[in-house]
Amino acid sequence: MSEATDGTTPAGTTTVSSEVVEKITVAAAKAVPGVAELGGDVARFFNSVLDKVGLDQVGDGSRGVTAKVTGSDVTVTVVLVLEAGRVVAEVTAAVQQAVTAALQGYGLNVLAVNVNVDDIAGV
């Protein structure tokens, strides 16, 4: 937090919405090698329907991620599809590390990053 010029902390509060936390999480998780896609079966089905009717950007910002935000404390759950041939524990640990680092970079306190592997792509 910034301080006022007289050395005191400025008055006011800052809040971060769960949607913002979800978008940060999506970006970090998608960047991890071994993550084929985000979202569970139902979400991916509805997304494919939206894609076919030209609404391919709807829901992309937070697809496969839910966040609980309390002040600056966050807990996120990521549902992902693993690339075939990847080691589950390695990819999920990398997702947890990437998401934690990304959220901490925004000044948030990460309580937990839960990762659910919903499917394996290409199998």
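The structure is a predicted model, in which local features need pLDDT of at least 70, side-chain atom pairs count only at pLDDT 80 or more, and totals for chains, interfaces and linings use all residues. Residues are numbered from 1 along each chain as its sequence is written, and side-chain values use heavy atoms, with hydrogens and water left out.

Gly122 has a relative accessibility of 83% and therefore counts as exposed, where exposed means over 50% relative accessible area, buried under 20%, and partly exposed in between (1.4 Å probe, protein chains only). In sequence, Gly122 and Ala84 are 38 residues apart, while their C-alpha atoms are 6.2 Å apart in space. Ala121 belongs to strand S4 and, with a relative accessible area of 29%, is partly exposed. Between Ala121 and Val81 there are 40 residues of separation in sequence and 6.3 Å in space, C-alpha to C-alpha. When residues up to four places away in sequence are not counted, Ala121 touches Ala36, Val81, Leu82 and Ala84; contact means heavy atoms within 4.5 Å.

A further pair is formed by Leu38 and Val117, which are 79 residues apart in sequence and 9.3 Å apart in space, C-alpha to C-alpha. Leu38 is found in strand S1 (residues 35-38). Its relative accessible area is 3%, so Leu38 is buried.

For the protein chain as a whole, the secondary structure comes to three helices and four strands. Read from the N terminus on, these elements run α-β-α-β-β-α-β. Of the 123 residues in the protein chain, 28% are buried. Among contacts in the protein chain with a separation of 6 or more, 74% are between residues 24 or more positions apart.

Helix H1 (residues 18-30) packs with helix H3 (residues 88-105) at an angle of about 135 degrees, and their axes are 9 Å apart. Axes are lines fitted to C-alpha atoms, for helices over the stretch in contact, and angles run from 0 to 180 degrees between N-to-C directions. H1 and H3 are therefore oblique to each other: angles under 35 degrees count as roughly parallel, over 145 as roughly antiparallel, 65 to 115 as roughly perpendicular, and the rest as oblique. On the H1 side, Val21, Ile24, Thr25, Ala28 and Ala29 meet Val95, Ala98, Val99, Ala102 and Leu103 in H3. The residues of this contact of H1 with H3 divide into nine nonpolar, one polar and no charged (Ala, Val, Leu, Ile, Met, Phe, Trp, Tyr, Cys and Pro count as nonpolar, Asp, Glu, Lys and Arg as charged, and the others, Gly among them, as polar).

Side chains of opposite charge can pair when their charged atoms come close. In the whole structure, a search finds one salt bridge, defined as a side-chain nitrogen of Lys or Arg within 4 Å of a carboxyl oxygen of Asp or Glu. The salt bridge joins the side chains of Arg86 and Glu83 (3.2 Å, N to O). Arg86, at 39% relative accessibility, counts as partly exposed. Glu83 is likewise partly exposed, with a relative accessible area of 30%.

Definitions and conventions: Helices (H or I, at least four residues) and strands (E, at least two) are DSSP runs, numbered from the N terminus.
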